[in-house]
Amino acid sequence: MSKPLNEVLLSEIFNAECEARESETLMQVLNLLEILKSKKNNKMARISGELSELLDNEKNFKKISKAKDLNELLDILVNLQKDKMIKVYKNSYLEKKFPTLTKDNFLK
């Protein structure tokens, strides 16, 4: 038996929204920090070409990896990407998505 059409369409829209979020610079950086700060380094971070260029400069990588909290990280990203807009999400969403950063009070 197949799913009702509206359920299929809604799941496709939801999946597309999630994929779009994953490609945003902030979400990629948070994912990278989550992996770096995690005790279990068995994951690899997927990053876009744009973020790869940003992290290619060792100074930029050090600034980002040494950020003490989300506000400092946002300031760093705004300064590094002056021509880009950064979408910010509710803390509740970020806390679910990045449990290690939540535990370290990075997202406060």
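Is Lys84 buried, exposed or partly exposed? In this predicted model, Lys84 has a relative accessibility of 39% and therefore counts as partly exposed.

**Salt bridges**

Lys84 forms a salt bridge with the side chain of Glu50, at 3.7 Å from N to O. Because Lys84 lies in the loop between helix 5 and helix 6 while Glu50 belongs to helix 3, the pair ties together parts that are 34 residues apart in sequence. Glu50 is itself partly exposed, with a relative accessible area of 36%.

The count of salt bridges comes to 3. Another joins Glu95 and Lys108 at 3.6 Å, N to O, and this pair links distant parts of the chain, with Glu95 in helix 6 and Lys108 in the segment after helix 7 (99–103), 13 residues apart. Glu58 and Lys62 also meet in a salt bridge, at 3.5 Å, and both residues lie in helix 4, about one turn of the helix apart.

**Nonpolar core**

The largest nonpolar core has 22 residues, and those with the most contacts inside it include Leu30, Leu70 and Leu73. Helix 2 (25–37), helix 3 (49–56) and helix 5 (70–80) each give two or more residues to this core, and the largest share, 6 residues, comes from helix 2. Among the residues that Leu30 touches are Leu70, Leu73, Phe98 and Phe106.

**Helix 5**

Within helix 5, Leu70, Leu73, Leu74, Ile76 and Leu77 are buried; they cover an arc of only 160 degrees around the axis, which puts them on the same side of the helix. The face turned away from this buried side carries the exposed residues Asn71, Asp75 and Asn79. At the N-terminal end, Asp69 caps helix 5 through a side-chain oxygen that lies 3.3 Å from the backbone nitrogen of Asn71.

Notes
Residues numbered from 1 in each chain as written. Predicted model: local features only at pLDDT ≥ 70, side-chain atom pairs only at ≥ 80, totals over all residues. Heavy atoms only, no water. Core = buried A, V, L, I, M, F, W, Y, C linked by side-chain atoms within 4.5 Å. Buried < 20%, exposed > 50% of the residue type's maximum accessible area, 1.4 Å probe, protein only. Helix = DSSP H or I, 4+ residues; strand = E, 2+ residues; numbered from the N terminus. Contact = heavy atoms within 4.5 Å. Arc of directions from axis to C-beta. Polar contact = N/O pair within 3.5 Å; in protein donor to acceptor, adjacent residues only side chain to side chain. Salt bridge = Lys/Arg side-chain N within 4 Å of Asp/Glu carboxyl O. Lists of a residue's contacts leave out its neighbours within four places in sequence.
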